[in-house]
Amino acid sequence: MAAAAALAALVLQAPLAQAADVNGAAGKADAKATAEAARAAEREEAKRLGSYYLRCDGEPNNVTGAEDFARFLGAVTLLGLFAPTPESPDPSKRLFGAKGVEACSHLLDDPKEETNKVRRIPLILARALHQIEAKNYAAALADVDKARAEAQSSGLSGNAYFERSAGLSFGLIEGHARLRAGDPAGAREAGLRSFSKTPYSYYALIAANAFAAFNRDLSPAEESYYQALSRLVPGDNSMYAARLEEVGRFEDAARLREAQITLARALSTERDNPALLAYAAIAHALAGHWDEATKRANAAQATLDEQAAAGKPADNASAVIELLDFASTLQLAHSGKVDDARRNFAARSQWMAPSFGAVSAAVTMLRSGAKPEQLFGALAVTADAMWQKRRDLILAQMLEMDTNNRKLFSYILPYARIRGFEALSKSVWRTDKPRFLFKEPLKNSKFTLMTVDGEPLTQPDALTLNAALLAKARGFKGFVLLRRTEKPDVALVQFGNVDDPAIAAPMWLDAEAVIADLRAEIPSPDELAARARNEAALKKPQ
């Protein structure tokens, strides 16, 4: 009976087991079909929207220059990053705000997705920018910290090339996030942090941001930035003078305005620059140097008249005339004709040519003790109200740019191509037969032309380092280098010592300091050979 019962149970259960097997197989088939359908949908979505990479930062799954960093890091695991990609960069595929955050997170948070840190870093920074777009500033700052941590753990932090290229993005993005979060002092500190590591690197300077319009004071770090700006881009040192005027340091501003005149006279020994003379007149007046202010104003007017009489009127004659009118107004007030000064000043609805600091100082002086009927035109508002209006306008412009999905992403800087710097080593370090320096100075000038071939990111620092080496080889302690930001392959150089009368001291570069900083990115041929030997030794099996 027991055997019969067992047999009966087996017979009864067999159809159930067979049904279960059939159902299981069908379930697996359904799951497989579902997964395949999901993959097909994802492929179709990728065709339409681009890959998650394009949706995150507009760049494909490779990074120009990153192979050089893999070389330095000895990162064999990064080699897959440089395989050919079916995509090209396409910023139009980049998503906005929360959707952009989602696309980046798909790549960053899934362990099966992006694991190469060289590629992860710009993706993390892209997510930070999408967080800024979404006004999630705390999340943006957290992502900047995360990108920094990954750079540190991968060995990129401290690398001379990384710190002068992609590494500059950290401070720039952090600064913008802090500013929008209501922390202008923190924004300034972050915006200048990266530059302080590489004080003679041109693009490190250009990528820095002092957020000056949002801070009433001039911090030591910000002043160091403006001093470096005066040395590396002397044509822009009017920004430093204007900032000094804004914080009431008129004595220092006057000295810098005088240095600008010295620089202009070295550049062209033929005639003076009337605008620089007029700016100096205003700075001296604000500093209480009334005799010097009169001298500079008279020289500016005489130069304008001479140029007009020669049939070559200054292109900026109207701006110079406005500057001289401003200086004349300050002179009127100084002579006791304060009501006349108020009338002349207020007759303009806005002063455009003088610096913001100079106008603010004049407004404060002329509004003091004024009658209500005298407070019209340019005297209608206080200096504090002027500052707040400027601050609000600039912030509104920034926030508007946050909506176009373009400007913010320019803050993610590309990786430097290290081989581009190394390729210039022999030419940069050669001083017996200079490759970049022309033989003779420009006509009626103490400056000589320099030009360089090479990749754009390498050009400015190559010229600066070569000028430093040439100065040292010729017995000078330093030099002054003029350049235009739109022409990084061209510069003008004046060799000399800081105490030479023809040298503009605030714009002078110390040759030894420049060489010590920039040789890290463009080493000498001997240093480059030693680097190659070290790399080869690391590749040998242990």
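Student: Which residues does S201 touch, not counting residues up to four places away in sequence?

Tutor: This is a predicted model, and in it S201 lies in the loop between helix 9 (184–197) and helix 10 (202–207). Once residues up to four places away in sequence are set aside, the residues that S201 touches are R164, L232, D461, D517, L518 and E521.

Student: Is S201 buried or exposed?

Tutor: The relative accessible area of S201 is 1%. Buried means under 20%. On that basis S201 is buried.

Student: How does S238 compare with that cut-off: is S238 buried, partly exposed or exposed?

Tutor: S238 is found in helix 12 (residues 238–246). Buried requires under 20% relative accessible area and exposed requires over 50%. The relative accessibility of S238 is 33%, so S238 counts as partly exposed.

Student: With which residues is S238 in contact, leaving aside its neighbours within four places in sequence?

Tutor: Y226 is 12 residues from S238 along the chain, and their C-alpha atoms are separated by 9.5 Å. Beyond the neighbours within four places in sequence, the contacts of S238 are R257 and Q260.

Student: Which cysteines form a disulfide?

Tutor: A disulfide is a covalent bond between the sulfur atoms of two cysteines. The cut-off applied here is sulfur atoms within 2.5 Å, and the count comes to 1 disulfide. The sulfur atoms in question are 2.0 Å apart, and they belong to C56 and C104.

Student: Where in the chain do C56 and C104 lie, and how many residues apart are they?

Tutor: The disulfide formed by C56 and C104 links distant parts of the chain. C56 belongs to helix 2 (residues 52–57) and C104 to helix 4 (residues 97–109), and they are 48 residues apart.

Student: Is the disulfide of C56 and C104 left-handed or right-handed?

Tutor: C56 counts as buried at 0% relative accessibility, and C104 is buried with a relative accessible area of 0%. The torsion about their S-S bond is about 100°, so the disulfide is right-handed.

Student: In what order do the 4 strands of the open sheet stand?

Tutor: Strand 3 (residues 487–496) pairs with strand 2 in the antiparallel sense over 7 bridges, and 4 bridges join strand 1 to strand 3. Strand 2 is also joined to strand 4 (residues 509–510), by 2 bridges. The order is therefore 1-3-2-4.

Student: Which strands stand at the edges of the sheet?

Tutor: In the order 1-3-2-4, strand 1 (448–451) and strand 4 each have a single partner strand, so one side of each is left without a neighbour in the sheet. The strands at the edges are strand 1 and strand 4.

Student: What is the bridge partner of L481 in strand 3?

Tutor: A hairpin through 2 residues joins strand 2 to strand 3. Elsewhere in the sheet, L449 stands opposite L492 in strand 3, and F479 stands opposite L509 in strand 4. For L481, the bridge partner in strand 3 is V493.

Student: How many of the 7 residues of strand 2 are buried?

Tutor: Strand 2 spans residues 478–484 and is largely enclosed by the rest of the structure. The basis for that description is the number of its 7 residues that are buried, namely 6.

Student: Which helix packs on the sheet, touching strand 1, strand 2 and strand 3?

Tutor: Strand 1 and strand 3 run antiparallel. The direction of the packed helix, residues 459–473, makes about 20° with that of strand 3. The helix is helix 22.

Student: Are helix 16 and helix 17 roughly parallel or roughly antiparallel to each other?

Tutor: The axes of helix 16 (residues 317–334) and helix 17 (residues 338–346) come within 7 Å and cross at roughly 160°, in a left-handed crossing. F326, T329, L332 and A333 in helix 16 meet V338, D340, A341, N344 and F345 in helix 17. Angles over 145 degrees count as roughly antiparallel. Helix 16 and helix 17 are therefore roughly antiparallel.

Student: Is the crossing of helix 14 and helix 15 left-handed or right-handed?

Tutor: The axes of helix 14 (residues 274–287) and helix 15 (residues 290–309) come within 8 Å and cross at roughly 160°, so the helices are roughly antiparallel. Residues that meet there include P274 and L277 in helix 14 and W290 and E292 in helix 15. The crossing of helix 14 and helix 15 is left-handed.

Terms used. Residues are numbered from 1 along each chain as its sequence is written. This is a predicted model: local features need pLDDT of at least 70, side-chain atom pairs count only at pLDDT 80 or more; totals for chains, interfaces and linings use all residues. Side-chain values use heavy atoms; hydrogens and water are left out. Buried means under 20% relative accessible area, exposed over 50%, partly exposed in between (1.4 Å probe, protein chains only). Two strands pair if DSSP finds at least two bridges between them. Contact means heavy atoms within 4.5 Å. Axes are lines fitted to C-alpha atoms, for helices over the stretch in contact, and angles run from 0 to 180 degrees between N-to-C directions. Angles under 35 degrees count as roughly parallel, over 145 as roughly antiparallel, 65 to 115 as roughly perpendicular and the rest as oblique. A crossing is left-handed if the near helix is turned anticlockwise from the far one by less than a right angle, and right-handed if clockwise.
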